[in-house]
Amino acid sequence: MKILIADDDAMACRLLEGVLVKWGYEVLVTGDGLEAARVLTSEDPPPVAILDWAMPGMTGVDVCRRVRETPAASALYLLVLTARGEQDDVVAALEAGADDFIVKPFHPPELRARVRVGERIARLQRSLADRVAALEGALAQVTDLQGLLPICMYCKKIRNDGNYWQKVEHYIAEHSGATFTHGICPECVETRVRPEIERARRAREERER
């Protein structure tokens, strides 16, 4: 999984990058808040970001706020890393949209645990997004059945986009994923089945005479 580091302290960046790479992550480094915001609101942003609070151009808290205002990036996991550890600072970061907060100097096992939480949540978010996309695709197939459908007035076949006539059940199955079981409605029992049974009975009686 790719993780973004945003920190204007080059030494801190190298230290954090080395730790994350050792843990098996792909790391992207930016040195200021404006660049971090640009990357996180791009078409394919890293799903997890570690943001320093104090950066030139835009603070880590401002980056969180910018990301949360961008619908396409709202599911990213944002962790703010800072030397400021007062309760008010934690509240400010969380209210700006941060998912977690860790105070410098960080303890590697604690950071690793928090990053793993972010990784799990990011994967769940992606899985949920994939399911929503699948449901939207299924809904789009169902809505294909709306509108005017050319249907034969005699045999009731439907003409598809390729100018090919299909049985109603085949057409609906292709466009909605529905499957059919066949039965006989009460009206058809009276108008079709019973007359057929009566004709068969009479024909049998005629043969027996």
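This text walks through the structure from its overall shape down to single residues.

The structure is a predicted model, so local features need pLDDT of at least 70, side-chain atom pairs count only at pLDDT 80 or more, and totals for chains, interfaces and linings use all residues. Residues are numbered from 1 along each chain as its sequence is written, and side-chain values use heavy atoms, with hydrogens and water left out.

Start with the fold. The chain holds seven helices and seven strands. Both are DSSP runs, numbered from the N terminus: helices are H or I with at least four residues, strands are E with at least two. Read from the N terminus, the order is β-α-β-α-β-α-β-α-β-α-β-β-α-α. The chain is more spread out than a compact globule, because its radius of gyration is 32 Å, well over the 17 Å that the globule rule gives for 209 residues. That radius is taken over C-alpha atoms, and the rule is 2.2 Å times the number of residues to the power 0.38. The C-alpha trace spans about 110 × 35 × 30 Å along its principal axes.

Of the 209 residues, 30% count as buried. Buried means under 20% relative accessible area, exposed means over 50%, and partly exposed lies in between (1.4 Å probe, protein chains only).

Contacts tell how the chain folds back on itself. A contact means heavy atoms within 4.5 Å. Take the contacts between residues at least 6 apart in sequence: 51% of them join residues at least 24 apart.

Leucine 76 counts as buried because its relative accessibility is 10%. Leaving aside neighbours within four places in sequence, leucine 76 is in contact with Leu40, Pro45, Pro46, Pro47, Val67, Arg68 and Asp99. Alanine 49 is 27 residues away from leucine 76 in sequence, yet the two are 7.7 Å apart in space, C-alpha to C-alpha.

Move on to helix 4 (residues 87-96), where aspartate 89 lies. Aspartate 89 is buried, with a relative accessible area of 12%. Not counting residues up to four places away in sequence, aspartate 89 touches Trp53, Arg84 and Phe101.

Next come the charges. Lys and Arg count as positive, Asp and Glu as negative; His and the chain ends are not counted. The chain has 28 positive and 33 negative charges, and their mean positions are 11 Å apart. Each charge is placed at NZ of Lys, CZ of Arg, CG of Asp or CD of Glu.

Side chains of opposite charge can pair when their charged atoms come close. Such a pair counts as a salt bridge when a side-chain nitrogen of Lys or Arg is within 4 Å of a carboxyl oxygen of Asp or Glu. The whole structure has 13 salt bridges.

Helix 5 (residues 108-143) contains glutamate 119. Is glutamate 119 buried or exposed? Glutamate 119 counts as buried because its relative accessibility is 16%. Beyond its neighbours within four places in sequence, glutamate 119 is in contact with Met1, Tyr25 and Val48. Arginine 123 forms a salt bridge with glutamate 119, and the closest N and O atoms are 3.0 Å apart. Both residues lie in helix 5, four residues apart, about one turn of the helix. Arginine 123 is partly exposed, at 48% relative accessibility.

Helix 5 holds another pair. Glutamate 110 bridges to arginine 114, with the closest N and O atoms 2.8 Å apart. The two are four residues apart in helix 5, so about one helical turn separates them. Glutamate 110 is partly exposed, at 33% relative accessible area. Arginine 114 is partly exposed too, at 24%.

Finish in helix 7 (residues 186-208), where glutamate 196 and arginine 199 are three residues apart, separated by about one helical turn. Their salt bridge brings the closest N and O atoms to 2.4 Å. Glutamate 196 is partly exposed at 46% relative accessibility, and arginine 199 is partly exposed at 48%. Elsewhere, salt bridges that share partners join Asp7, Asp52 and Lys104 into one network.
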